[in-house]
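User: I would like to go through some labels used for a protein model and ask what stands behind each one.

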Amino acid sequence: MWGLAGGLATGPLSDRAGDAAWDVADPAWDWGTDAAWDWATGAEARPVSGGPAGAGPDDDLWRPGGLGDPALVQAVLSSAMPEAQRSRALYLLGLALAGPMRAAAVVVSEPAALPEALRACAAGLLAPPTRAGGPAPQAALWPTVGVLLLPAAGAGRRPATVPCGVAVGLGPAVAPERLPESWAEARRAARFAGLGPTWPRLADTAELGAEALLADIPRAAALAHPDVAALARLEAEPDGAQLLDTLETVCRTRSLREAAKLLCLHHSSVAHRVARAERALGMSLSDPAQRQRAYTALLLWRLNAPGNWRN
């Protein structure tokens, strides 16, 4: 697999597993298998199909050229990994263990965009090189999901732009042994990135606050709620997407005129759309409590809508 540490992590991981430097004490972890650890469920996952005919775990879908060894990164991010082995994986990735670190989740709508999205985000977040001078640790863990491992101080600046079709979530700064927690928070934050016209394409879990908990509501329960179901029906109308964008913008601004300016519409057009949304929802957006209720339902719909590639 591709190395990230400028020579520290060269060669297939199955070859390194027998080295004295890679002392895997737990025989249950067979690094020579062609299975991968599923970061989402903690279960063993098989390679994803869809690459060149006859390709297996060495498919470019898993390990695009120039990116890092996904097995080492998975070892760092798996909550089931013993701490000693996580530390060894961090060392082989060329990372110093002196200070806090953050995980950043990079999710794309198309697999072909993932390598460039990871590199662009690493540059935008000012990710420093590894101890051996190699690129910042970055790896594709799934066809549309990648990760950056960043020193906490290196994730303070935001990229100037995040391209369309890319969502970035930043996890909290944690001690290196707690990176699985930062990764879980980063994945949750990425579900909110670019979720609507008023949402930036990079979401920091520290800035989401209690709204982040909405992502933990089971999908079936969220979609079954009458308010969410009403929004689903509204979006199914010919101009439903524009109606929902207007609803979001009105809920997050102080007046119809301010919303109209952001939407580049006349305020009377915004008022007309708001009236349609109010009839569909049976609510009045001029009432603060009902406006908050409508916005919460909108978040739940967008988080769980079938076409949301961030999931």
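Analyst: We start with a definition: a residue is buried under 20% relative accessible area, exposed over 50%, and partly exposed in between (1.4 Å probe, protein chains only). This is a predicted model, in which local features need pLDDT of at least 70, side-chain atom pairs count only at pLDDT 80 or more, and totals for chains, interfaces and linings use all residues. Residues are numbered from 1 along each chain as its sequence is written, and side-chain values use heavy atoms, with hydrogens and water left out.

User: Why is Gly-99 called partly exposed?

Analyst: Its relative accessible area is 29%. Gly-99 sits in the loop between helix H3 (83-92) and strand S3 (101-108); helices (H or I, at least four residues) and strands (E, at least two) are DSSP runs, numbered from the N terminus.

User: What makes Glu-185 and Arg-188 a salt bridge?

Analyst: The term requires a side-chain nitrogen of Lys or Arg within 4 Å of a carboxyl oxygen of Asp or Glu. For the side chains of Glu-185 and Arg-188 the N to O distance is 2.9 Å, so the pair qualifies. Both residues belong to helix H5 (residues 179-190), 3 residues apart, about one turn of the helix. A network of salt bridges links Glu-185, Arg-188 and Asp-216.

User: Are Glu-185 and Arg-188 buried or partly exposed, and why?

Analyst: Arg-188 has 16% relative accessibility, which is under 20%, so Arg-188 counts as buried. Glu-185 has 24%, so Glu-185 counts as partly exposed.

User: How do you know that Asp-245 forms a salt bridge with Arg-302?

Analyst: Their closest N and O atoms are 2.7 Å apart, and the limit is 4 Å, so the pair is counted. This pair links distant parts of the chain, with Asp-245 in helix H9 and Arg-302 in helix H12 (residues 288-304), 57 residues apart.

User: Why is Arg-302 called buried?

Analyst: Arg-302 has a relative accessible area of 11%, under the 20% cut-off, so the label is buried. For Asp-245 the value is 27%, so Asp-245 counts as partly exposed.

User: How many salt bridges does a search of the whole structure find?

Analyst: The search finds 10 salt bridges. One of the pairs is Arg-276 with Glu-237, whose closest N and O atoms are 2.6 Å apart. Arg-276 lies in helix H11 (residues 267-281) and Glu-237 in the loop between helix H8 (226-235) and helix H9 (240-251), so the pair ties together parts that are 39 residues apart in sequence.
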